[in-house]
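Here is a short briefing to read alongside the model. Keep the viewer open as you go through the points.

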Amino acid sequence: MGRANRVQSRASKIALARLPALLERSVSLKQGLRGFASVGGIVSASVQYNRLMENCIFCKIVAGNIPSAKTYEDDDFIAFLDINPKGPKHTLLVPKAHFVWFLDLPDELSDKFFRVARKIATDLKNETSADYIHLGIEGKDVPHAHIHLIPKTL
Ligand SMILES: [Zn+2]
């Protein structure tokens with residue numbers, strides 16, 4: 001076997017070794033796309049979303065597989081401090097079930113999302129010297145719906 005062939009053979013072995021990971025990624029990508037397609041069908045959306053997603057960092061935090069500085073928890077939500085804070089006590093509020101977008105949450109859960117956000121905002125206002133609490137609803141940076149609560153001064 002010439003040198004070129006050996007190199008090529010080694011390269012294909014490496015490619016083969018990576019195949020399972022690549023396949024797994026494409027499967028989870030497809031699951032994500034299915035989730036997108038089901039928005040609007042509340043029943044199928046809840047069947048698909050009300051479970052932990054394997055590769056979601058927030059689901060791992062919910063499951064306790066990744067440590068977090070937790071500041072609030074109830075049956076449906078947890079809040080923890082952002083690891084890249086944009087202000088003092090920058091907090092993330094996250095539903096425990098995996099929903100990519102805020103729009104995917106059922107009515108009852110989205111109502112509670114804001115009740116809990118308001119409670120946390122009140123606590124943050126009392127605990128910091130903030131003039132107001134900035135609220136931002138995300139889903140794109142980490143594809144698991146979350147609210148940023150950032151104490152700010154005027
Ligand atoms: Zn998730």
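Why does A145 count as buried? A145 has 25 C-beta neighbours inside 10 Å, so it counts as buried; the cut-off is 20 or more other C-beta atoms within 10 Å of a residue's own, with exposed meaning 12 or fewer, partly exposed the range in between, and C-beta atoms placed from the backbone. Please bear in mind that this is a predicted model: local features need pLDDT of at least 70, side-chain atom pairs count only at pLDDT 80 or more, and totals for chains, interfaces and linings use all residues. Residues are numbered from 1 along each chain as its sequence is written.

**Overall layout**

- The protein has 4 helices and 5 strands, taken as DSSP runs numbered from the N terminus (helices H or I, at least four residues; strands E, at least two).
- Read from the N terminus, the order of elements is α-α-α-β-β-β-α-β-β.
- Of the 154 residues, 23% count as buried.
- Among contacts between residues at least 6 apart in sequence, 51% join residues at least 24 apart; a contact requires C-beta atoms, placed from the backbone, to lie within 7 Å.

**The surroundings of A145**

- A145 sits in the loop between β4 and β5.
- Beyond its neighbours within four places in sequence, A145 is in contact with P95, F99, V100, W101, F102, D104, L105 and G139.
- The C-alpha atoms of A145 and K96 are separated by 9.8 Å, although the two residues are 49 apart along the chain.

**The sheet**

- The 5 strands form an open sheet in the order β1-β2-β3-β5-β4, with antiparallel pairing; strands pair if DSSP finds at least two bridges between them.
- The edge strands β1 and β4 each pair on one side only.
- Neighbouring strands are turned by 20° against each other on average, direction ignored; the axes are lines fitted to C-alpha atoms, for helices over the stretch in contact, and angles run from 0 to 180 degrees between N-to-C directions.
- At one end of the order, β1 and β2 run antiparallel and are joined by 3 bridges, with a hairpin of 3 residues connecting them. Y72 has A79 in β2 as its bridge partner.
- The antiparallel strands β4 and β5 are joined by 7 bridges, and G136 stands opposite H148 in β5.

**Helix α4**

- α4 covers residues 107-127, and its 21 residues reach 30 Å from first C-alpha to last, close to the 30 Å expected at 1.5 Å a residue (1.5 Å times one less than the number of residues).
- F113, A117, I120, A121 and L124 are the buried residues of α4. Seen down the helix axis, they fall within an arc of 110°, so they line one face of α4; the arc is that of the directions from the axis to the C-beta atoms.
- The face turned away from the buried side carries the exposed residues D107, E108, D111, R115, T122 and N126.
- What covers the buried residues of α4 includes β1 (70-73), β2 (77-81), β3 (91-95), β4 (132-138) and β5 (146-152).
- I120 is in contact with Y72, A79, T91, L93 and L149, leaving aside its neighbours within four places in sequence.

**The nonpolar core**

- The largest nonpolar core has 24 residues; such a core is a set of buried Ala, Val, Leu, Ile, Met, Phe, Trp, Tyr and Cys residues joined through C-beta atoms within 7 Å.
- α3 (57-62), β2, β3, α4 and β5 each supply at least two residues of this core, and α4 gives the most, with 5.
- The residues with the most contacts inside this core are L93, V94, A117, I120, A121 and L149.

Technical notes
Contact = placed C-beta atoms within 7 Å.
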